[in-house]
Amino acid sequence: MDGVSNALTGVAAHKARIADLIGVAPVVELPLADCLGLVLASDAVAPVALPPFDNSAMDGYAVRVADLAELPVVLPVPEDIPAGRTDVVPLEPGTAHRIMTGAPVPPGADAVVQVEWTDAGVRSVRIDRGVRLGQNVRWAEDDVKVGEVALRAGRVLGAAQLGLVSALGIPALPVRRRLRVLVLSTGSELVAPGEPLLPGQIYESNGLMLAAAVREAGGEAEQLRFVPDDVDRFRAVVEERIGGFDLLLTSGGVSAGAYEVVKDALTGRGVEFTKVAMQPGGPQGSGRYLGVPVATLPGNPVSAQVSFEVFVRPALRAAMGFVDVERPTAVARLRGSISSPSGRTQFRRGAYDAGSGQVVTPVGGPGSHLLSSLALSNCLIEVPAEVDELADGDEVLVRLL
Ligand code: AMP
Ligand code: MG
């Protein structure tokens with residue numbers, strides 16, 4: 001025997017191990033254009049107020065409400081104030097300044113009459129309807145005060161958040177940077193899509209799938225061309241390319257057969273291989289190689305993707321500071337039945353329907369080669385290790401993908 005214990009590692013234990021390995025992403029200051037989807041690392045404090053000055057909410061005339069006691073009234077218009085005018089002339093009693101939306105309301109004015117309520121005059125204006133004090137004025141600091149925390153640390157920076165920060169004149173923000181993941185598939189049977197296929201060969205799919213999953217999780221992925229089951233080739237490619245990455249993610253070559261390239265290349269070099277009590281995705285490895293964290297996923301496409309979901313995705317998201325690290329879950333009624341190996345957590349592909357009474361229907365069987373079932377599902381059905389059989393109508397936990 002090879003001295004490896006037959007005891008299975010628990011799902012939670014392996015998950016914690018991967019999370020520990022990946023740790024926390026460094027904080028970097030990035031220009032706003034590069035911050036989309038990242039997590040703010042410290043509070044963003046407003047250096048200016050919003051609005052920064054009293055400004056008009058309408059195209060119209062800046063007036064004193066006291067001058068509109070009797071209507072209609074005709075007032076001279078000494079000044080024109082388009083948006084962007086910076087030398088604002090105070091308003092004298094008995095006059096009106098023509099003003100545009102967003103332009104500074106002049107000192108002395110206490111309301112704006114919208115142009116539709118006037119004759120739209122340029123040298124003088126006839127005003128037909130009155131306004132309340134402050135009507136159509138957007139006061140300085142209405143929205144944000146100087147020195148106020150505009151966004152708290154931990155916020156995910158989406159379009160609206162980036163808009164706010166731009167409005168405050170902040171050009172760059174401290175964020176947890178995207179983790180850089182190097183993706184490498186292994187297998188002598190693999191052929192790149194687009195190339196001819198000989199009998200016994202298959203098209204490579206894990207590399208693109210895992211790189212996409214990394215990006216969906218918020219990380220940065222570089223997908224290398226797959227390598228054959230050749231330990232020296234594997235090590236040479238990894239050694240040449242691994243520098244600067246936060247994680248090496250491999251697929252294939254970790255189970256119990258012969259020609260297990262990843263296992264053979266990394267055993268005794270900082271990576272430990274184990275069997276996790278789950279289906280699919282039993283064979284797993286984790287550790288550090290050349291100082292870089294490594295997670296080695298099994299090669300069956302469904303195993304690789306489910307392993308990524310269960311172990312790698314939450315770790316990447318936690319490292320990048322996201323609060324919602326896990327997929328949303330729901331309790332659903334099972335349509336059909338499921339049997340699951342005892343002592344292992346099973347993750348089955350499912351179609352979850354939130355509308356019609358929260359039901360979930362298994363998609364395809366448990367086989368870890370059934371990639372179309374995965375592609376057609378919208379959730380994973382989680383069958384706990386201690387449950388062997390689930391019947392029609394039973395309650396199950398689903399992870400919504
Ligand atoms: P392995 O874990 O290397 O023993 O592979 C298990 C199964 O997954 C085999 O049927 C492989 O052909 C298949 N497989 C491994 N890697 C890939 C890959 N990158 N793309 C598609 N299928 C793969
Ligand atoms: Mg293989």
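Leaving aside its neighbours within four places in sequence, with which residues is Pro-362 in contact?

## Surroundings of Pro-362

Pro-362 is in contact (heavy atoms within 4.5 Å) with Leu-334, Arg-335, Ile-338, Arg-348, Arg-349, Gly-350 and Ile-381, its neighbours within four places in sequence being left aside. The residue belongs to strand S25 (residues 359–362); strands (E, at least two residues) and helices (H or I, at least four) are DSSP runs, numbered from the N terminus. One of the contacts, Ile-381, lies 19 residues from Pro-362 along the chain, with 7.7 Å between the two C-alpha atoms.

## Basis of the model

This is a predicted model, in which local features need pLDDT of at least 70 and side-chain atom pairs count only at pLDDT 80 or more, while totals for chains, interfaces and linings use all residues. Residues are numbered from 1 along each chain as its sequence is written, chains are lettered from A and ligands numbered from 1 in the order in which they are written, and side-chain values use heavy atoms, without hydrogens and water.

## The six-stranded sheet

Six strands form an open sheet of mixed pairing, ordered S16-S13-S17-S21-S20-S18; two strands pair if DSSP finds at least two bridges between them. Its edge strands, S16 (220–223) and S18 (271–275), each pair on one side only. Direction ignored, neighbouring strands are turned by 20° against each other on average. Within the sheet, S13 (residues 180–185) and S17 (residues 247–251) pair in the parallel sense over five bridges, and Leu-182 stands opposite Leu-248 in S17.

## Helices on the sheet

Helix H1 packs on the sheet, where it touches S17, S18, S20 (283–289) and S21 (292–297), and its direction makes about 20° with that of S20. Helix H4 (residues 231–241) lies across S13, S16, S17 and S20, running at about 165° to S13. Axes are lines fitted to C-alpha atoms, for helices over the stretch in contact, and angles run from 0 to 180 degrees between N-to-C directions.

## Packing of H1 and H6

H1 (residues 11–22) and H6 (residues 301–319) pack at about 40°, with their axes 9 Å apart. H1 is therefore oblique to H6, since angles under 35 degrees count as roughly parallel, over 145 as roughly antiparallel, 65 to 115 as roughly perpendicular and the rest as oblique. On the H1 side the contact includes Val-11, His-14 and Lys-15, and on the H6 side Val-310, Phe-311 and Val-312.

## Annotated domain

UniProt, in an unreviewed entry, places the feature "domain: MoaB/Mog" at residues 182–318; such annotations may be inferred rather than shown by experiment. Over residues 182–318 the chain is 34% helix and 27% strand, and the end C-alpha atoms are 18 Å apart.
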